[in-house]
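Student: Could you take me through the sheet of this protein and the loops around it? I would like one close, connected look.

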Amino acid sequence: MSAASPAPRTFLIGAARERPCTLVVCRGCCCGDPRKHPGTDHAWQLERLRAGAAEHGFVVRTTDCLGPCDQANVIVVQPSAAGRRAGGRPTWVGFAMDDDCTEEVLEWAAAGGPGIAAPPVTLELQFIDPPRDARVRSRR
């Protein structure tokens, strides 16, 4: 064995090798609820995000309650496989209800998302901490 043995290799197989940036849009008890936020067009927001995903090659998923209901609407921007390899981590965006925020999330995801592209500075003001139980689940 040589003194300078090669570093262990990490291989991603299948879909994980090319996994795109993913937006996880909360549509649980408070997010997306027109009774709680009547001034927001929740259906338009989801349609706009899906149209942007189709155009730019990232993914949009919806999920039930993510937890921080007092910061609704919540969108989690998950890094692509390349973004994760570059150090990107899921980023939680709270209070994501207006058109400007929706467009900034779209622009960031289209540019590559966490680990690949810097987020818009104004979007950074809406970053929130994930609930404690979400952080614990992600370490398992």
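Tutor: Happy to! Two strands count as paired if DSSP finds at least two bridges between them, and the strands themselves are DSSP runs of E of at least two residues, while helices are runs of H or I of at least four, both numbered from the N terminus. Please keep in mind that this is a predicted model, in which local features need pLDDT of at least 70, side-chain atom pairs count only at pLDDT 80 or more, and totals for chains, interfaces and linings use all residues. Residues are numbered from 1 along each chain as its sequence is written, and side-chain values use heavy atoms, with hydrogens and water left out.

Now to the sheet. Five strands form an open sheet with mixed pairing, in the order β2-β1-β3-β4-β5. The edges are taken by β2 (59-63) and β5 (127-128); each has a single partner strand, so one side of each lacks a neighbour in the sheet. Strands of a sheet pair through backbone hydrogen bonds, either parallel or antiparallel.

Between β1 and β3 the sense is antiparallel, over four bridges; here Val25 faces Ile75 in β3. Going on, β3 and β4 also run antiparallel and are joined by three bridges, with Val76 opposite Trp92 in β4.

The loops deserve a look too. Most residues other than glycine have a negative phi, and most peptide bonds are trans. In the loop between β2 and β3 (75-78) sits Asn73, and the peptide bond leading from Ala72 to Asn73 is cis, with omega near -5°. Phe95 belongs to the loop between β4 (91-93) and α3 (99-111). Phe95 is not a glycine, yet has a positive phi of about 55°. With a relative accessible area of 42%, Phe95 is partly exposed (buried means under 20%, exposed over 50%, partly exposed in between, with a 1.4 Å probe and protein chains only).

Finally, look at the loop between β1 (22-26) and α1 (42-56), where Asp41 lies. Asp41 counts as partly exposed because its relative accessibility is 49%.
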